[in-house]
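The structure is shown first.

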Amino acid sequence: MFLPTTQEEIQKLGWDALDVILVSGDSYIDSPYIGVAVIGKILLQAGYRVGVIAQPDVQSGQDISRLGEPRLFWGVTAGSVDSLVANYTASRKKRWNDDYTPGGLNERRPDRATIVYSNLIRRYFKDTVPIVLGGIEASLRRIAHYDFWSDRIRRSVLFDAKADVLVYGMGERAVLALAERLRAGADLRDVRGICLIAAEKPADALELPSYEAVCADKNAFIDMFHGFYKNNDPLTAKKLCQKQDTRYLVQNPPAEYLSQAELDKVYALDYERAQHPYYARLGDVKALETIRFSIPTHRGCYGECNFCAIAVHEGRTVRWRSQESVVAEAGQMTHHPDFKGYIFDVGGPTANMYGYECDKKLAHGSCPAKRCLSPELCPVLKVDHSQQLALLRRLRKVGGVKKVFVASGIRYDLLLADQAYGDAYLLEVVSHHTSGQLKVAPEHTEDHVLSRMGKPGSGQLLEFKRRFDTLSRSVRKKQYLTYYMIAAHPGCSEQDMQRLKIFASQKLKINPEQVQIFTPTPSTYSSLMYYTEMDPFTRQPIFVEKGLAGKNRQKQIVTGRAGAQVRASKPRRKA
Ligand code: SF4
């Protein structure tokens with residue numbers, strides 16, 4: 001079922017008013033990949049009346065007012081992508097396409113959409129119910145952060161949006177707790193997974209360097225980021241606070257992760273896998289092409305690539321759905337009128353993290369001073385592809401399914417580390433789950449740049465390629481690896497790109513096509529390096545290419561083309 005987007009739909013449901021109105025920078029797409037759809041559905045299941053306003057006109061009150069005022073709260077999100085990432089390339093050029101806007105023309109999502117939508121609500125509803133921010137833009141801008149587009153440190157978006165609450169990370173638990181408290185008129189201050197503004201410093205919070213201090217001193221900004229990054233595991237995180245002007249941003253510890261049974265329930269809700277008809281009449285959304293018939297199998301990632309924000313958004317602990325839940329979803333898809341037998345992806349942030357985790361982490365939380373995969377695989381993590389192997393085999397047997405692809409990136413260091421099932425898993429993928437090309441994301445080939453990125457060394461890439469080629473030949477298939485690379489990451493020079501070019505042509509036997517200029521998105525270690533021009537772990541200075549001409553040259557060295565991709569697409573899978 002779609003949630004209502006008009007008064008007529010509200011009346012048809014026999015509702016007199018809404019408890020919650022969700023406002024989004026994306027079109028309203030009902031899919032388990034879309035945060036607004038998931039949050040709306042779980043609130044509905046808990047008995048709340050929820051409506052959706054997608055991509056409201058910000059010049060008038062027509063859209064924002066059309067469902068009236070909610071009884072409990074407004075939920076505001078910029079959508080599935082940070083609005084600045086959606087609207088501009090890494091060269092700060094305007095993007096003309098948007099995969100989440102009907103018709104594909106990028107004309108509906110304002111810059112800093114979270115702030116603009118909150119202001120829009122306040123303009124037309126004075127003294128309204130709380131405004132609750134959520135989604136990736138709010139989550140990654142929840143604390144003082146480097147903003148590449150204005151080239152400065154910004155305050156928490158909670159302050160700039162003049163909103164009441166910010167839900168960060170995966171929002172199901174926090175949003176349900178908020179709704180319950182607001183319905184009961186109870187205090188919100190101890191709800192996990194949220195940020196609030198306080199007049200005084202809470203006695204039980206760990207204080208991070210103030211906004212003023214981090215603006216004035218790059219070392220203070222590094223200290224702040226380490227403190228923020230370390231306090232993101234629900235088992236160990238402390239409450240944080242940061243002075244911003246005269247008040248305090250307070251970040252409560254993260255919400256506890258959903259159990260497998262709870263995750264299965266979230267994905268069993270009746271998603272339409274389509275755009276709401278109110279918006280569909282305005283045109284198709286490109287994002288649906290990839291997400292409509294794909295299945296998310298897990299959340300979280302312990303890859304901790306330094307340019308990726310998943311660790312502070314979804315968490316470093318992988319939680320996965322049961323095989324039964326994933327197979328049931330595939331079975332349901334086969335009844336969809338547009339399903340042609342193809343499942344375009346079965347995966348998560350990294351395809352091959354499904355079905356195993358570190359026991360120590362599950363019991364005590366992520367190690368505060370150690371990473372699971374970098375600089376090398378931690379021996380405590382017992383890599384095991386057997387569950388994913390079994391899952392793929394089961395999915396192939398679902399009646400009506402012709403082909404299942406693994407489009408999410410495969411982390412090859414994990415695959416090589418699994419003596420028991422690694423080769424069997426790769427053989428399965430090579431034989432049944434690729435479309436002739438398998439995407440991998442080495443991101444670079446020079447080990448000192450890879451180390452800044454938190455990625456495995458180039459030796460492992462070559463070994464993976466050797467196995468992929470051998471297995472492809474063994475099943476008589478002509479198929480290739482497609483390599484994704486990054487230019488102008490902190491620490492990367494033009495000489496490094498020249499060496500990448502030589503490595504690619506001599507060892508990989510390719511001319512890389514997929515090269516993106518590094519974008520410093522909020523709240524990542526790579527962005528911290530970009531801004532401070534320091535290694536945040538040793539505090540030694542590092543070379544950072546900041547000039548546009550220099551960035552373009554880095555890309556051109558490899559591709560012969562300048563600029564970055566101009567489509568605001570579903571964020572590229574990382575692995
Ligand atoms: S013990 Fe190793 S695998 Fe487990 S959380 Fe720590 S670093 Fe990661």
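W74 lies in strand 4, residues 73–77; helices (H or I, at least four residues) and strands (E, at least two) are DSSP runs, numbered from the N terminus. The model is predicted, so that local features need pLDDT of at least 70 and side-chain atom pairs count only at pLDDT 80 or more, while totals for chains, interfaces and linings use all residues. Residues are numbered from 1 along each chain as its sequence is written, and side-chain values use heavy atoms, with hydrogens and water left out.

W74 counts as buried because its relative accessibility is 0%; buried means under 20% relative accessible area, exposed over 50%, and partly exposed in between (1.4 Å probe, protein chains only). Not counting residues up to four places away in sequence, W74 touches I21, V23, I64, G68, E69, I121, F125, T128, V129, P130, I131 and V132, where contact means heavy atoms within 4.5 Å. The side chains of W74 and T128 are also joined by a polar contact of 3.0 Å. Such a contact is a pair of N or O atoms within 3.5 Å; within protein, one must be able to donate a hydrogen and the other to accept it, and residues adjacent in sequence count only if both atoms are side-chain atoms.

Y278 is found in helix 11, residues 277–280. With a relative accessible area of 24%, Y278 is partly exposed. Beyond four places in sequence, Y278 touches T5, T6, D63 and R66. Y278 and T5 are 273 residues apart along the chain, yet their C-alpha atoms are separated by 7.5 Å.

S523 occupies the loop between strand 23 (514–517) and helix 22 (525–532). Its relative accessibility of 7% is why S523 counts as buried. A polar atom of the S523 side chain lies 2.6 Å from the backbone oxygen of L140. L140 is also among the residues that S523 touches beyond four places in sequence, together with H145, F225, F228, A309 and V312.

**Strand 23 and its partner**

In a regular strand the side chains alternate between the two faces of the sheet. Strand 23 pairs with strand 22 (residues 480–487) in the parallel sense over 4 bridges; two strands pair if DSSP finds at least two bridges between them. I517 of strand 23 is the bridge partner of A487.

**Cavity and pocket**

On a 1 Å grid over the protein atoms alone, a cavity is a set of points where a 1.4 Å probe fits but cannot get out, and a pocket is an open set with protein on both sides within 12 Å along at least five of seven lines; lining residues have an atom within 4 Å of a point. Grid points are joined across faces, edges and corners, and a volume is the space filled by probe spheres set on the points. The structure holds 5 cavities of 30 Å³ or more.

| Space | Volume | Lining residues nearest the centre |
|---|---|---|
| Largest cavity | about 190 Å³ | G169, M170, A255, Y257 and H313 |
| Second largest pocket | about 530 Å³ | N306, R371, S374, P375 and F537 |

The largest cavity is lined by 19 residues, and helix 13 gives the largest share, 3 residues. The second largest pocket has 27 lining residues, and helix 19 gives the most, with 4 residues. Helix 22 also supplies at least two residues to the lining of that pocket.
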